[in-house]
Number of protein chains: 2
Amino acid sequence: MAVFQRAYGRRTLLQHIRRARRIPRIELAEDTGISRATVTTITAEFLLGGLIEEVARDGSGSDARRGRPRVDLKIRGAARLVAGVKVSARSLSLVLLDFEGTKLGALETELTRSVFSPTDLAAVIRKAVSDLVQGAGRNQGEISGIGVGIAGVVRASSGFVHWSPSLSQRNVEFGAVLTDALGVPAFVDNDANLVAVAEQAFGLGQAHSDFIVVTIESGVGMGLVIGGGLYRGTRGCGAEFGHTKVHLDGALCRCGQRGCLEAYVGDYALLREALTIPGSDPATNPGEQIEALLTAAKTGDVTAKSIVDRAGRMFAMGLANLVNIFDPQLIILAGEQMQFDHLYAEAVIEEMRKSIVQIDKPPPEVVIHKWGNQMWAQGAAAYALDQVSEIALAELGDHAA
Amino acid sequence: MAVFQRAYGRRTLLQHIRRARRIPRIELAEDTGISRATVTTITAEFLLGGLIEEVARDGSGSDARRGRPRVDLKIRGAARLVAGVKVSARSLSLVLLDFEGTKLGALETELTRSVFSPTDLAAVIRKAVSDLVQGAGRNQGEISGIGVGIAGVVRASSGFVHWSPSLSQRNVEFGAVLTDALGVPAFVDNDANLVAVAEQAFGLGQAHSDFIVVTIESGVGMGLVIGGGLYRGTRGCGAEFGHTKVHLDGALCRCGQRGCLEAYVGDYALLREALTIPGSDPATNPGEQIEALLTAAKTGDVTAKSIVDRAGRMFAMGLANLVNIFDPQLIILAGEQMQFDHLYAEAVIEEMRKSIVQIDKPPPEVVIHKWGNQMWAQGAAAYALDQVSEIALAELGDHAA
């Protein structure tokens, strides 16, 4: 049990230093409730292991009583480097962070295909990471871990991908495939979960313990933060918001089932209806077709408006169901494509507010957070930082036990 | 922070003694990771405060090394008495527990109405508690707290009822009204939450950290246990499963909105459709009508079967949505009325299994737990035990601080 307590103390202190950025030892003890003696012992281990460093306190002279300079502790940025990778349908987004979370480099690269074999996707990621590292003037050997966010059903604890629209095979030990290909530990999670991690680490969720992130790309994703932690479900496949059913025996979904939310709000769902309009041309580029549909809806075309409005109302109904089940403090609608503006519309949020259980208290706050793929990659890197920190702490344990 | 640690230690140790039923001090220290010295100090406080007692260890002689008899610690049943009350549409169910959780008495009493003013309902509960206590040969003055489970939206932390089908007013400080009427602290929560508490404390949820309880009475309720604790939402109104929408602009619900799950599976929803059948008699007793409908469905009446089957399929769709969002280990369908057997049917569970995201792992276990109103009351009493324990620990703190 002493071993358990030591491990708990180390994790708590390292996290606290990371969050505080700079903090004196005495405040660490006060904030965490860990005794001063234990704080002294553990921070000495951290210093010895090179995970943290001492810096002169901003604007302070010396501690008159003790005659020693006042120092803060901070994470030592150079201790570890991590990369974060977001796999999208047509591109990879990468970011390189140091152990403090400072961004050292970023990279966007197009993909020639949207579906890969696991080894092919691992090779593409290895190449991109190599370019990222070189671009930042660093060495591949300096990387301690890689976080990868991918769409689909992922068991994060083992990096096992039950299925992903980016992979040609089901049931892949993709974490292991990546670790083999890259030569460093790779940590895989569902991409929407990593957006929730990013919102919590450095986004709109920083001040909240219970919030929902809904992501909209070509599919609809969700990340759940409950009690300050990411909720992943017991089989690693919760938070499948896009495949909750909004209509019994409803529209056919890409997943093969009927009535899923995605089958009403996904881009392919809008296209499917748009092609029903006489005069539409199936040979047109899908992106242009969607754009034409949204423009037609805005300029008053009745049929186009009917297609887009129903998507918005179905989305509102799905959001209302999340509120009725979770009663979160905050819902963050996260996405980057202007294409989905109709789902972020005030009319949609208002319809959601009308569809939740009515009590004499304000409904949860809904905020729209448009961000680029870089933010998704940063979520993946934040996850890698967590995992690499765990490894670093375990190594300390081996030496100091 | 030392105060915080002491409070944490006390709560942990009291809970652990309660769960273990009988346990020696040394095992308490080993199981909880709290130091032997602290265990000795805190258990001495508990003994002095009369919360626990020492009992000779079953079948043990004396500790040869120390020459002292081996003793276990256990909760002292006589330390506190609590009552649990479940408010149903037409009855009250009550149970009297001692501090160990032993049942000392139980009572069922019919209600003349289903809707009361807050003070009237408090008076009815006061009378029933008085009968319960007398029936058990105890004294009202011995009661330390009362737990009350009621349908509706309840903020448990303050006993505030946003609305309840049993109360004629919205926004009632019902915990305070009850405390005034009864002269002891009263703790109010949503009834389905208390079923989840009961399942966790002494039901099918004992071995699980993440499970969902769905209750079926005239409405549909839900209790969520996440990470070993009851999840109540941030405004106290999560887990409103019955009012999640299963159809856009669908059937009218008693709540005034359209398309709620309850508007398809509630008894009033079945009745509403049954009355559409030519020859049905609106003057018949509703219970008899429902029974006739279910019998007709079982014996092959096409229209009756269509009504009942759709209710089952809508219920399956709602359950599948819960699985897609939470991915729980276990779903407990809890209810007592045979009337809802059609919702517990294997065909319904199978439809749910087909409607969840398919991965190569078994779907969550679904168990049906039919129990009487007494179990609901026991959940309310278990909640009161928790709260009364908190008060007892706080009192210790006042004396020993």
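This is a predicted model: local features need pLDDT of at least 70, side-chain atom pairs count only at pLDDT 80 or more; totals for chains, interfaces and linings use all residues.
**Figure 1. Arg21(A) sits in the loop between helix 1 and helix 2 of chain A.** The phi angle of Arg21(A) is near 70 degrees, a positive value in a residue other than glycine.

**Figure 2. Asn171(A) is found in the loop between strand 10 and helix 5 (174-182) of chain A.** Here is another loop residue to look at. Asn171(A) has a phi near 55 degrees, which is a positive value in a residue other than glycine. With 13 C-beta neighbours inside 10 Å, Asn171(A) counts as partly exposed.

**Figure 3. Helix 2 (residues 25-32) and helix 3 (residues 36-48) of chain A pack against each other.** Two packed helices are described by the angle between their axes and the distance between the axes. For helix 2 and helix 3 of chain A, the angle is about 120 degrees and the axes are 9 Å apart. That makes helix 2 of chain A and helix 3 of chain A oblique to each other. The crossing of helix 2 of chain A with helix 3 of chain A is right-handed. On the helix 2 side, Arg25(A), Leu28(A) and Ala29(A) make the contact, and helix 3 of chain A brings Arg36(A), Val39(A), Thr40(A) and Thr43(A). Sorted by class, the contact of helix 2 with helix 3 of chain A has three nonpolar, two polar and two charged residues.

**Figure 4. Helix 8 (residues 267-274) of chain A crosses helix 9 (residues 286-298) of chain A.** The two axes come within 10 Å and cross at roughly 75 degrees. How are helix 8 of chain A and helix 9 of chain A oriented to each other? They are roughly perpendicular. Look for Asp267(A), Leu270(A), Leu271(A) and Ala274(A) on helix 8 of chain A, which meet Pro286(A), Gln289(A), Ile290(A) and Leu293(A) on helix 9 of chain A. In this contact of helix 8 with helix 9 of chain A there are six nonpolar residues, one polar and one charged.

**Figure 5. In chain B, helix 8 (residues 267-274) packs with helix 9 (residues 286-298).** Their angle is about 75 degrees, and their axes are 10 Å apart. Helix 8 of chain B and helix 9 of chain B are therefore roughly perpendicular to each other. The contact of helix 8 of chain B with helix 9 of chain B divides into six nonpolar, one polar and one charged.

**Figure 6. Pro328(B) lies in the loop between helix 10 (302-326) and strand 15 (330-335) of chain B.** Leaving out residues up to four places away in sequence, Pro328(B) touches Asp210(B), Phe211(B), Ile212(B) and Pro364(B), plus Thr234(A) from chain A. Val225(B) is 103 residues from Pro328(B) along the chain, yet the C-alpha atoms of the two are separated by 9.2 Å.

**Figure 7. Chain A meets chain B, with 45 residues of chain A in contact with 45 residues of chain B.** On the side of chain A that touches chain B, helix 1 (2-20), strand 10 (160-163) and helix 10 (302-326) of chain A each supply at least two residues. Which element of chain A gives the largest share of that side? Helix 10 of chain A does, with eight residues. By class, the side of chain A that touches chain B has 19 nonpolar, 16 polar and ten charged residues.

**Figure 8. Stepping back, chain A has twelve helices and 16 strands.** The radius of gyration of chain A is 24 Å, close to the 21 Å that the globule rule gives for 401 residues, so chain A is as compact as a globular protein of that length. Along the principal axes, the C-alpha atoms of chain A fill a box of roughly 85 × 55 × 40 Å. Of the 401 residues in chain A, 47% are buried. Among the contacts in chain A with a separation of 6 or more, 62% come from residues 24 or more positions apart.

Terms used:
Residues are numbered from 1 along each chain as its sequence is written. Chains are lettered from A and ligands numbered from 1 in the order in which they are written. Axes are lines fitted to C-alpha atoms, for helices over the stretch in contact, and angles run from 0 to 180 degrees between N-to-C directions. Helices (H or I, at least four residues) and strands (E, at least two) are DSSP runs, numbered from the N terminus. Angles under 35 degrees count as roughly parallel, over 145 as roughly antiparallel, 65 to 115 as roughly perpendicular and the rest as oblique. A crossing is left-handed if the near helix is turned anticlockwise from the far one by less than a right angle, and right-handed if clockwise. Two residues are in contact if their C-beta atoms, placed from the backbone, lie within 7 Å. Ala, Val, Leu, Ile, Met, Phe, Trp, Tyr, Cys and Pro count as nonpolar, Asp, Glu, Lys and Arg as charged, and the others, Gly among them, as polar. The radius of gyration is taken over C-alpha atoms; the globule rule is 2.2 Å times the number of residues to the power 0.38. A residue is buried if 20 or more other C-beta atoms lie within 10 Å of its own, exposed if 12 or fewer, and partly exposed in between; C-beta atoms are placed from the backbone.
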